[in-house]
Amino acid sequence: MSQVTETTLVGTSALIERLLKGQFICHTTDEDGWRALKNPDTRERVETYLNQINRTIGSAGEGEVFFCGYQQLGDNERKVISSQFKDICNALIPLVEWLVLVQEGSGQDAPLSEGIAVRLTELQTRIEDTPAFREQLAKISHYRLFGSSSSNVDAQIKLVFKRLVELGYLIKPNVEKQIFIATGKLDYLYEVIRFIDETEGLSLEAQAETATQRDLV
């Protein structure tokens, strides 16, 4: 085993393991891992190891989010990527509608992105006070991705946010506070949306970007 490989295994094994598990490494989810991958020397060592098993470091969000991809694509790799892409596409509509709701309900000028906080209690109050928002939340929460069967706003929104934490789009740093932070996986999602926009003309990203311009009654 080469010295580079030995160093990689000893110094960055936990980081490599997270990447191989499909986690997205960003400043919000793993500051130490993110700083390590921003360092050219460490990133090269991780890349050298991953290349030995046909993996490579991918990035999104203008190089601020890191994930693991395949270096070369054979039939098996294409099947895996196809399955992953299908899962993302199946979740796109509920996720985009949720992003629009959060943007509108929070009064933000731009779509939610990595590092931005969402205060659940404040958002819930806005939703409860606005019939159009309540209808949006009910529709979103009943998508298969979230699977709510409740007609109660409190139950609906808490289930949606719980599921988004499980999916890696949000983290909840303090279990005692209803404050959630968006992760870099959302920035990756935007890049998937842009790719679909460019290849299929679905204009999904525009729905989120123009959310605050919509007139909800």
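What you see is a predicted model, in which local features need pLDDT of at least 70 and side-chain atom pairs count only at pLDDT 80 or more, while totals for chains, interfaces and linings use all residues. Residues are numbered from 1 along each chain as its sequence is written, and side-chain values use heavy atoms, with hydrogens and water left out.

Let me start with the largest pocket. A pocket is an open set of points on a 1 Å grid over the protein atoms alone, where a 1.4 Å probe fits, with protein on both sides within 12 Å along at least five of seven lines, and a lining residue has an atom within 4 Å of a point. The largest pocket has a volume of about 920 Å³, taken as the space filled by probe spheres set on the points. Its lining comprises 29 residues, and those nearest the centre are Phe24, Cys68, Gln84, Ile88 and Tyr188.

Which element gives the most to that lining? It is α4, with 7 residues, and the elements that each supply at least two include α1 (3-20), β1 (55-60) and α8 (184-200). By class, the lining divides into 19 nonpolar, 5 polar and 5 charged residues, where Asp, Glu, Lys and Arg count as charged, Ala, Val, Leu, Ile, Met, Phe, Trp, Tyr, Cys and Pro as nonpolar, and the others, Gly among them, as polar.

Now to the packing. A nonpolar core is a set of buried Ala, Val, Leu, Ile, Met, Phe, Trp, Tyr and Cys residues joined through side-chain atoms within 4.5 Å, buried meaning under 20% relative accessible area with a 1.4 Å probe, protein chains only. The largest such core has 35 residues, and Trp98, Phe161 and Leu164 are among those that touch the most other members. Here, too, α4 gives the most to this core, with 10 residues. Apart from this core lies another, of 10 residues, including Leu15 and Phe66.

Finally, the sheet, for which two strands pair if DSSP finds at least two bridges between them. It is an open sheet of 3 strands in the order β3-β5-β4, with antiparallel pairing. Because β3 and β4 stand at the edges with a single partner strand each, one side of each is left without a neighbour in the sheet. Between β3 (residues 117-119) and β5 there are 3 bridges, and Arg119 has Ile179 as its bridge partner in β5. On the other pairing, 2 bridges join β4 (residues 170-171) to β5, with Ile171 opposite Ile181.

Notes: Helix = DSSP H or I, 4+ residues; strand = E, 2+ residues; numbered from the N terminus. Buried < 20%, exposed > 50% of the residue type's maximum accessible area, 1.4 Å probe, protein only.
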